Amino acid sequence: MRILVTGANGQLGRQFNSLHNSYPKIIWKFCSKNELDITDSNSALNVVNSFNPDYMINCAAYTAVDKAEENQNAAFRVNEYGVSILAQIAKESGIHLIHYSTDYVYDLLKNTPLIETDICQPKSIYGKSKRAGEIALINSGASYTIYRVSWLYSSYNNNFVKTMLKLGSSRNELKIVNDQIGAPTYSKNLAEDTLKVISGLQVNKTNEIYNYCNGGQTTWAEFAERIFHHKSISCKIKGISTEEYGAPAPRPKWSVMNTLKIENILSAKLNHWEESLVECLEELDAMA
Ligand SMILES: NC(=O)c1ccc[n+]([C@@H]2O[C@H](COP(=O)([O-])OP(=O)(O)OC[C@H]3O[C@@H](n4cnc5c(N)ncnc54)[C@H](OP(=O)(O)O)[C@@H]3O)[C@@H](O)[C@H]2O)c1
């Protein structure tokens, strides 16, 4: 099986790269933005044709949520137009395209977990551009799997866990938002489960959207508190509201997703978020 990964220098791309030696039967090609710009159709087509993959895993995205509010064109260019280019190539070459979206596409005020068939009404430019990318892929005629992911973190690149470890060691108190509820996603779990689903796809290829996040629910403030607890960091946390924090882009208040659909495919429950957090902290210790 041949798999091409785009956006290979991003957080999730690096996660796949770190795991690839554990999958010796797969022939991998990892493409950074320099090697394969998903908004450049000619160069993307050349790279894809010369490798001839069975699957493309698209880890490329414009993910600067706040900057997107002022850079709408840049966000849509990567998250919609870039995805439409990959989808067109996938369709023409019979490649199955695996793509990552976000809980931001829902942005609904519910008191039950979001399900894949809920309506999407994203409020931020980032969320709107990611939803536009989903629609471009769904309408392309390509064979696809879309994962809607929330609060992604890992041992790689910049993310909430690594930021908290840095700030918690240098400050006495941090103000963290405590009125957004969701679930963190450990990118190692996501990458491994993506590959498990690919093995199943060889038998039964269907187009699906899956919610994907670790089990349970929390707030950013509690997430930070548990990071500090497990690392014995004494920094205090002061919970503040989304409005007090005042980020330029609106954030969903309710990001808790129902993951039963993917759990049925995997025949397994997804790890509780705190269990995966501990695994990531151990991995970071081992890498230090
Ligand atoms: N991080 C989260 O909390 C989160 C939450 C939910 C869903 N997601 C989704 O999960 C996926 C992976 O996220 P991530 O955290 O790994 O993102 P990331 O770390 O920002 O990585 C994205 C990568 O895409 C590259 N890229 C940007 N424009 C490109 C282009 N035109 N062609 C090729 N590559 C391009 C970026 O390169 P440069 O850095 O050089 O621009 C970067 O290496 C994304 O689809 C994201 O929307 C993320």
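Ala, Val, Leu, Ile, Met, Phe, Trp, Tyr, Cys and Pro count here as nonpolar, Asp, Glu, Lys and Arg as charged, and the others, Gly among them, as polar. The views below show a predicted model.

**View A. The shell of residues around the ligand.** By class, this shell holds 11 nonpolar, 11 polar and three charged residues. Of the 25 residues around the ligand, those that come nearest are G7, G10, Q11, A60 and A61.

**View B. An open sheet of six strands.** The strands are paired in parallel, in the order β2-β1-β3-β4-β5-β10. β2 (27–31) and β10 (208–212) stand at the edges with a single partner strand each, so one side of each has no neighbour in the sheet. From one strand to the next, the twist averages 20 degrees.

**View C. The pairing of strands β1 and β3.** β1 (residues 2–6) and β3 (residues 55–58) run parallel and are joined by four bridges. Within this pair, I3 stands opposite Y55 of β3.

**View D. The crossing of helices α8 and α11.** The axes of α8 (residues 220–230) and α11 (residues 273–287) come within 11 Å and cross at roughly 50 degrees. The two helices are therefore oblique to each other. Their crossing is right-handed. On the α8 side the contact is made by R226, I227 and H230, and on the α11 side by E274, L277, V278 and L281. These contact residues divide into four nonpolar, one polar and two charged.

Definitions and conventions. Residues numbered from 1 in each chain as written. Predicted model: local features only at pLDDT ≥ 70, side-chain atom pairs only at ≥ 80, totals over all residues. Axes fitted to C-alpha atoms, helices over the stretch in contact; angles between N-to-C directions. Parallel < 35°, antiparallel > 145°, perpendicular 65-115°, else oblique. Left-handed = near helix turned anticlockwise from the far one by under 90°. Contact = placed C-beta atoms within 7 Å. Near = placed C-beta within 6 Å. Pairing = 2+ DSSP bridges.
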